[in-house]
Amino acid sequence: MSSIVNTDEPQEGDSVQNNTSKGDNGSAKPKDAKSSGLSPIRAGQQYIVKIEKLTHGGAGLAHMDGIPVFIAGSIPGQEVEITILKNKGSYYEAKVFKVLRKSKDEVMPKCSHCHDCGGCVWQNLPYNKQIAYKEEIVRETLEHLTPVDEEIRSQLPGRVLKIIPSPQIFHYRNKLELSFGYANMRVEEKNGQRKYIDEDPTVGFHQPGQWATVLPISECHLYDEQLPSLLSDVRTFLDSTRFPVHNPKTHNGLLRTLLLRRGVNTGEHMIAFIVKARKRELEPLFQHFMRFGGRSGLKSLLVIENLGINDKPEHPKVHALIGEPYIKERLFDLEFEISPFSFFQTNTSGAEKLYKAIADATDLGPRDTVLDAYCGMGTIGQYLARFCEKVVGIESHPSAIEDALKSAGKNRIGNISFYKGKVEQVLSTQLAAGGKYKFSVIVVDPPRAGLHPKARDAIIDHDPKKIVYVSCNTATFARDLGAFLKRGYELRSVQPVDMFPHTAHIETVSVLQKK
């Protein structure tokens, strides 16, 4: 049954009118708005629906009058009262107002902050169900979003292999960023002036859509098991020092971000406080940060200057109070130095599974020359170098290139080199087709936005026999896949790899072969 509440600002306890009928597909179906005397569906109205499945991005799917409704924070089998957020014409966006009936698959989340912090959207779903849905989401995304003829598109789901699960489903992250801020913020206006009243300084996460305030957290089961103890110490630190925390409205406050990194295979830990202050202001305060120096496994205690508006410092100045400005981590037999802002896979044990899948996909021989595009700090290329004649990496971030050169030297890898710049620019200049290298295999691992159109064209111009596309966004991969399919390549396989249990993120390794 579906119900409509005619209010733009629904409140708990509002009455619900039972004047709608059940849809044929098992989801709620409202009566025609005109015939029932109700206004067209708009933001603020409430309905009761049953969630059918999960979709790309993590939202649950229901239907009303055959129109899709995407509902954040829901799982299949739940009957929920929803609030419409947006009417997009061809679909609606909504949020859960109340869960009326649990799913038969539903389990108790391990974390008390589940669904509040915005991180673990599926922690109330058993892990075997999570990865089954992820595998199906990959199939459906390729079938529906790849811009090719329907006959070709219908064959793509059959190329998807069984998903590789994460070796760990809790405590798998090697990096965590928490924000300092205020749990509450009020605004007062007097004489035309707006004043922000900050309350309850804390450390935690910004909730989705709530960038001005911070949700205090006491646990996160995706990071190290010692995190609750550290967070308790940080709160004691806040209470005793009274250091002001950052206010994103006024851009005032000393403490901005708490950045944590750890070497899963080395046991080394980093604690970094990112602050809005210069060295001369910080030096008298360093002694206060030293109270964190006795923690088990701590190899790097840092204070990092960030005077800019953005949370990500463009030109960070790093002060190492204990140890070096990096920690060490191992992947296979390789060792890497991880600095605060290094590009490194956040699931270490999962990264080894992913890299093995990439090596299997490339199927390299001793005469192959490989391009590793969007190489970050060169971890993929350094692993593949043992299987081929030569690896060439391209990366636009200067610090990542520095990390790549340093680690390749320490790992004594002599058959790898790196070029700094955007992929589309380097492939049309220093590494233009017909030039220094003839790449037999090209590996691409682009950001969520996928490949730049010029990068895509340059890759095709190189005419590799095989392209291995590592994607963290199946939708943009589907877009790029369409271009490759139209330019003489065929999709051989898509290997999903779960790197982020309890979240909607999906990694894939796809093989495109030259016809």
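This is a predicted model: local features need pLDDT of at least 70, side-chain atom pairs count only at pLDDT 80 or more; totals for chains, interfaces and linings use all residues.
Two aromatic rings, from Phe, Tyr or Trp, count as a pair if their centres lie within 6.5 Å. The structure as a whole holds 15 aromatic pairs.

Take phenylalanine 180 and phenylalanine 273 to begin with. Their rings are stacked, with 6.3 Å from centre to centre and 20° between the planes. Phenylalanine 180 belongs to strand S9 (residues 175-190) and phenylalanine 273 to strand S13 (residues 269-275), so this pair ties together parts of the chain that are 93 residues apart in sequence. Buried or exposed, then, for phenylalanine 180? The cut-off for buried is under 20% relative accessible area, and phenylalanine 180 counts as buried because its value is 3%. Phenylalanine 273 is at 0%, so it counts as buried as well.

Phenylalanine 237 and phenylalanine 292 meet in another way: the ring centres are 5.3 Å apart and the planes sit at 70°, so the pair is edge-to-face. This pair, too, links distant parts of the chain, with phenylalanine 237 in helix H3 (residues 227-241) and phenylalanine 292 in the loop between helix H5 (286-289) and strand S14 (298-305), 55 residues apart. With relative accessibility at 0%, phenylalanine 237 counts as buried; phenylalanine 292, at 1%, counts as buried too.

Now for the sheet. Strands S9 and S13 both belong to an open sheet of 7 strands, which runs in the order S11-S10-S9-S12-S13-S14-S15 with mixed pairing. Which strands stand at the edges? They are strand S11 (215-216) and strand S15 (317-323); each has a single partner strand, so one side of each is left without a neighbour in the sheet. Further in, S9 pairs with strand S12 (residues 255-262) in the antiparallel sense, over 5 bridges. Leucine 178 stands opposite leucine 258 in S12. Helix H3, the one that carries phenylalanine 237, packs on this sheet and touches S9, strand S10 (193-205), S11, S12 and S13. The direction of H3 makes about 140° with that of S10.

Rings also turn up with charged side chains over their faces. Lysine 110 lies over the face of phenylalanine 170, at 4.4 Å from the ring centre. Likewise, arginine 262 lies over the face of tyrosine 223, here at 5.2 Å from the ring centre.

Key:
Residues are numbered from 1 along each chain as its sequence is written. Side-chain values use heavy atoms; hydrogens and water are left out. Rings of Phe, Tyr and Trp (its six-membered ring) pair if their centres lie within 6.5 Å; planes under 30 degrees apart count as stacked, over 60 as edge-to-face and the rest as tilted. Helices (H or I, at least four residues) and strands (E, at least two) are DSSP runs, numbered from the N terminus. Buried means under 20% relative accessible area, exposed over 50%, partly exposed in between (1.4 Å probe, protein chains only). A charge sits over a ring if NZ of Lys or CZ of Arg is within 6 Å of the ring centre and within 35 degrees of the ring normal. Two strands pair if DSSP finds at least two bridges between them. Contact means heavy atoms within 4.5 Å. Axes are lines fitted to C-alpha atoms, for helices over the stretch in contact, and angles run from 0 to 180 degrees between N-to-C directions.
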